[in-house]
Amino acid sequence: MIRLNLIKGLGPVLQIAEGWTVKLPDEVTDKLWKRTDYTWPCTWFTPRITGKNGFKSAYDLMNNWGANHGAISYGHIGADLITMCSMLRIPVCLHNVDEDKIYRPTAWNAFGMDKEGQDYRACAAYGPLYKNIRK
């Protein structure tokens, strides 16, 4: 599951939560769905819990998530998205992708030791590869 948040003064940042879709019992689905709108598409999802950062529990993830919506993909593509974000200069502000699966440009190492902070500093220094053409 991913979410692109547009932050005033910062620009886009990406959140990634790898996990699995789940099938809940009908009575549970019905109770949850009554709290929203039956016309909306719905996929029940559980994140892979790592015990750290925003992934101590599903509740912890939702507390750190930009909103209660996200885009669902098929397969665990978080490492690919992180690489793409570094190419586009979009910081990743939350993820549960294993560090050994992540590739970032080696130039990111000059921007500090913490990987998340490196994203913000490198993206700020190099600037975006996209432009807002609306004035």
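Predicted model: local features only at pLDDT ≥ 70, side-chain atom pairs only at ≥ 80, totals over all residues.
Residues are numbered from 1 along each chain as its sequence is written, and side-chain values use heavy atoms, with hydrogens and water left out.

Reader: In what order do the strands of the open sheet lie?
Author: Strands are DSSP runs (E, at least two residues), numbered from the N terminus, and two of them pair if DSSP finds at least two bridges between them. Strand 1 (2-7) and strand 5 (92-94) are the edge strands, each pairing on one side only. The pairing in this sheet of 3 strands is mixed, and the order is 1-2-5.

Reader: What angle does helix 4 make with strand 5?
Author: Helices are DSSP runs of H or I, at least four residues. Angles run from 0 to 180 degrees between N-to-C directions, with axes fitted to C-alpha atoms, for helices over the stretch in contact (heavy atoms within 4.5 Å). Helix 4 (residues 115-126) lies across strand 2 and strand 5, and its angle to strand 5 is about 145°.

Reader: Why does methionine 1 count as buried?
Author: Methionine 1 belongs to the segment before strand 1, and among the residues it touches are Phe45 and Trp65. Buried means under 20% relative accessible area, exposed over 50%, and partly exposed in between (1.4 Å probe, protein chains only). Methionine 1 counts as buried because its relative accessibility is 16%.

How values were computed. Lists of a residue's contacts leave out its neighbours within four places in sequence.
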